[in-house]
Amino acid sequence: MIFVATPPDKAPDRIAGMFDAIAPRYDLLNHFLSAGIDRRWRAAAIRSLRLTGRETLLDICCGTADVALEARRGRPSGRPAAARVVGVDFSGAMLALGLRKVRSAGESARITLLRGDAMRLPAADRSVDAATVAFGIRNVQRPDVACAEMARVLRPGGRLAILEFGVPRIPGVRAAYLWYFTHVLPRIGRAISGHDAAYSYLPASVGTFAAPSEFVEILRSAGFAEIHADPLTFGIVYLYTARRLG
């Protein structure tokens, strides 16, 4: 695990402000720091939902709408994975960038972006068929509350896919990853984004997030079944999948 002296402050206003500050360089840094693998992770999350093209998908902590756009292009046949996507995020600057990407892709009629909090989702009970969170659940002040909200808005049998950073278990990979994640990544992030705190916050937030087995239990307590925690890329990232109990 990544050891930190003090858990980071995850007050919603603070985290939203941090993401507002790094929004202009967010996509560039995501792709650069992951060597482009982040695109594959998002595609894997959409595939795991087994969508047919008729569903409404809720993307929580949607950022600049990468997952929403992937859901609209994400089937091997070239047909959209989801009929409609609603993205929710509490960073206005990230949503503004996402809206530009949605318009540029010609998806404004099918993708709606809303400002909101993962702990108080702006959606009715049992109103969506599937839900996703990509690298955002660890930033929520109360992940258990957010998971209960996801269960609330999903229809019985609806599917959930969550991507979140993890720590590899293979000794050599683990050591190299921890060195990169705690020393190299924050320096590159600060240099490109111009924001001192955001890329120091990243390893701290990963280090204090629940272990995969613990997060599985959070999902179970929230009302999910058929829960899996699958490591991707040597365990750098975990894909959590689950089904809403009927």
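Biologist: What do the numbering and the values rest on?

Modeller: Residues are numbered from 1 along each chain as its sequence is written, and side-chain values use heavy atoms, leaving out hydrogens and water. The model is predicted, so local features need pLDDT of at least 70 and side-chain atom pairs count only at pLDDT 80 or more, while totals for chains, interfaces and linings use all residues.

Biologist: Why are α1 and α6 called oblique to each other?

Modeller: The axes of α1 (residues 12–33) and α6 (residues 171–193) come within 10 Å and cross at roughly 140°. Angles under 35 degrees count as roughly parallel, over 145 as roughly antiparallel, 65 to 115 as roughly perpendicular, and the rest as oblique. The pair is therefore oblique. Axes are lines fitted to C-alpha atoms, for helices over the stretch in contact, and angles run from 0 to 180 degrees between N-to-C directions. Helices are DSSP runs (H or I, at least four residues), as are strands (E, at least two), numbered from the N terminus.

Biologist: Which hand does the crossing of α1 and α6 have?

Modeller: The crossing is right-handed. That term applies if the near helix is turned clockwise from the far one by less than a right angle, and left-handed if anticlockwise.

Biologist: What makes the contact of α1 with α6?

Modeller: From α1 come Ile22, Arg25, Leu28, Leu29, Phe32 and Leu33. From α6 come Tyr180, Leu185, Ile188, Gly189, Ile192 and Ser193. Contact means heavy atoms within 4.5 Å. By class, this contact has 9 nonpolar, 2 polar and 1 charged residues. Ala, Val, Leu, Ile, Met, Phe, Trp, Tyr, Cys and Pro count as nonpolar, Asp, Glu, Lys and Arg as charged, and the others, Gly among them, as polar.

Biologist: What makes a space a cavity or a pocket?

Modeller: On a 1 Å grid over the protein atoms alone, a cavity is a set of points where a 1.4 Å probe fits but cannot get out. A pocket is an open set with protein on both sides within 12 Å along at least five of seven lines. Lining residues have an atom within 4 Å of a point. The search finds 1 cavity of 30 Å³ or more. The largest cavity has a volume of about 310 Å³, and the largest pocket about 470 Å³.

Biologist: Which element gives the most to the lining of the largest pocket?

Modeller: α1 does, with 7 residues. α1 also gives the most to the lining of the largest cavity, with 4 residues.

Methods
Points joined across faces, edges and corners; volume = space filled by probe spheres on them.
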